[in-house]
Every structure is written in C-alpha cells, then in structure tokens.
Amino acid sequence: MKSLIFFPEKEITLTPADAGLAFEDLTLTTADGVKINGWFVPHPEAQTTILWLHGNGGNMSHRVGRIDRSHHTLKANVLIIDYRGYGRSGGRVSEKGTYLDAVAAYDYLLTRDDVDPARIIPFGASLGAAVAVELALQRKVQGLVLEAPFTSIREMARVALPWLPVGGLITTRYDNLSKIGRLEIPILILHGDRDETIPFAQGRKLFEAARGPKTFYAIPGAGHNNTEEVGGEAYFKAMADFILRLP
C-alpha cells in the first residue's frame, strides 16, 4: 500500500540558489541512523523559523518557488527537508520514518545560534500536515500551520478507492483526527475550497476537532496544488497575521 501513499522522486532539479537565495545544504542524521538532506534558508530579519514538511510527491526541489515567496513575504528562516527515500535522503520511506525525519530537523534547529527555539513553527502541507501534527506532539513548537490536511489515511483511502475494501490492508495511519485534539497550541488550517485531492470537508473536520486557539482560512477557488497562486496576497496575509498573533 505504500506505493499508493508515497511518490518520491530522486532527482534534485532546482535549489534555492536558482531563486537567488543563500542557503546551507545539510545532511542530518535521524535517531535510527538514516542520513537525510535538508536546506536551511536564513533571513536577515527573521524572528521566526518555519520547518517545512512537504507533501507525498516529488522532493524539496519542487518547492523552491514556494520557499522563495514564503521566505520573502513572511521574513522567516526556512528549513525544508526531504523525507527518507526522497531526493538525496537515504533510507526507505515509512510513516514512522517521516516522524523521525521531522524530529531530527527540529532538533537540528535547536543547535543553531540564529534560530530562536521558542519561535519554531512547523508548516505541513498535505501528507506533511500529518508529520507536522505528530512533531507538535513530540516537541515544543510556537504554533502549527497545516495546509490541505486530511483526517486519516484510512479516510483518504475511502475517498480515493471507494470501490476497494482497502481499510483492513492499510498499516499506514497518519491519523490526524485522533491526535489534533491533544494539542494545546495555536493552529492555522489553510484549505482550498476546490481541493480535488483532499476533501475540503476533511480540513474542516480537523478544525472542529482542534482545541484552539485556532483559525481556519478557506482559499477561494484553490485546488490542491495551487493554493498560493490562487490565494495570492490574502493567502500570505493569513499566515503572516497568524504568526504575528502568536504569544
């Protein structure tokens, strides 16, 4: 079933340098000894550091444009990683592995003098939202931003493969719905109201289950992969306002 969940690509097609960004190319070691690749993009005015956890397809090179716009608009440091099996990261991808990868990235940030440990915000998109939720349960974060999150892999299987009795075959859980109510941090959920991949209703269901303080921002007319293009300035303002309100 992993082949229906993870779609890694190995080739790195762009780096932040192609967007004119200074960056550090990192190799991090996870608790189980896997070497993963990441990029740290510093911002000279940064007070906040965004830990970017991408979705299930491609690799971090496919997010360079988004990193560039977020870096400049939010004036934040950005650390993005490739999960094991993605890009230049070693190992084989798994649910547990992605959690270990995110923890390694977070723990690395604590070693940097240019990162305020009290101002680390995971940003998780799609599958990355599930990784971000688990990270927020394991480590102290200032807040949490989730874009196009799903409730669980099992629920997604019912959406994607409604004709197949796959429920009992799924060992990968990513059960956000059972976890999100345990978080006691500010949460922002962004979701395109025309998302063709992850139902908008799943994002709303997660929002209702969250304890708060919480904010839901519907991106009018946006699908799954064009949130910032369709959302434009209002999309980034929603994130910037959320970050400014954080205690």
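Predicted model: local features only at pLDDT ≥ 70, side-chain atom pairs only at ≥ 80, totals over all residues.
Figure 1. Y106 belongs to helix α2, which covers residues 95-109. Leaving aside residues up to four places away in sequence, Y106 touches L51, P117, I120, L135, R139, K140 and V141. For a sense of distance, the C-alpha atom of Y106 is separated by 28 Å from that of L4, 102 residues apart along the chain.

**Figure 2. The whole protein, for orientation.** Let us step back for a moment before the next close-ups. The protein has seven helices and 10 strands. Along the principal axes, its C-alpha atoms fill a box of roughly 50 × 35 × 30 Å. A compact globule of 247 residues would have a radius of gyration near 18 Å, and the protein, at 17 Å, agrees with that. Of the 247 residues, 56% count as buried. Among contacts with a separation of 6 or more, 71% come from residues 24 or more positions apart.

**Figure 3. Strands β8 and β9 side by side.** Here β8 (residues 144-147) and β9 (residues 187-192) run parallel and are joined by four bridges. Look for E147, which stands opposite L190 in β9.

**Figure 4. The buried side of helix α1.** The buried residues of α1 are V64, R66, I67, D68, S70, H71 and L74. What do these residues pack against? Their partners are β3 (35-41), β4, β6 (77-81), β7, β8 and α7 (227-245). Just after α1 comes K75, which takes a positive phi of about 50 degrees.

**Figure 5. R63, a buried arginine without a salt bridge.** R63 sits in the loop between β5 (57-58) and α1 (64-74). Although R63 is buried, it has no salt bridge. How far away is the nearest side chain of opposite charge? That side chain is D82, and it is 6.0 Å away, beyond the salt-bridge limit of 4 Å. Setting aside residues up to four places away in sequence, R63 touches W52, H54, G55, G57, G58 and I80.

**Figure 6. The salt bridge between E228 and R66.** The count for the model comes to 15 salt bridges, and this view shows one that E228 forms with R66, with the closest N and O atoms 2.8 Å apart. E228 lies in helix α7 and R66 in helix α1, so the pair ties together parts that are 162 residues apart in sequence. Are these two residues buried or exposed? Both E228 and R66 are buried.

**Figure 7. The salt bridge between D101 and R84.** The side chains of D101 and R84 meet in a salt bridge, 2.9 Å from N to O. D101 is in helix α2, whereas R84 is in the loop between β6 and α2, so the pair ties together parts that are 17 residues apart in sequence. Both D101 and R84 are buried.

Figure 8. R139 and D107 form a salt bridge whose closest N and O atoms are 2.9 Å apart. This pair links distant parts of the chain, with R139 in the loop between α3 and β8 and D107 in helix α2, 32 residues apart. R139 is partly exposed, with a relative accessible area of 28%, and D107 also counts as partly exposed, at 29% relative accessibility. Elsewhere, salt bridges that share partners join R66, R69, E147 and E228 into one network.

Conventions
Residues numbered from 1 in each chain as written. Heavy atoms only, no water. Helix = DSSP H or I, 4+ residues; strand = E, 2+ residues; numbered from the N terminus. Contact = heavy atoms within 4.5 Å. Buried < 20%, exposed > 50% of the residue type's maximum accessible area, 1.4 Å probe, protein only. Lys, Arg positive; Asp, Glu negative; His and termini not counted. Pairing = 2+ DSSP bridges. Rg over C-alpha atoms; globule rule 2.2 N^0.38 Å.
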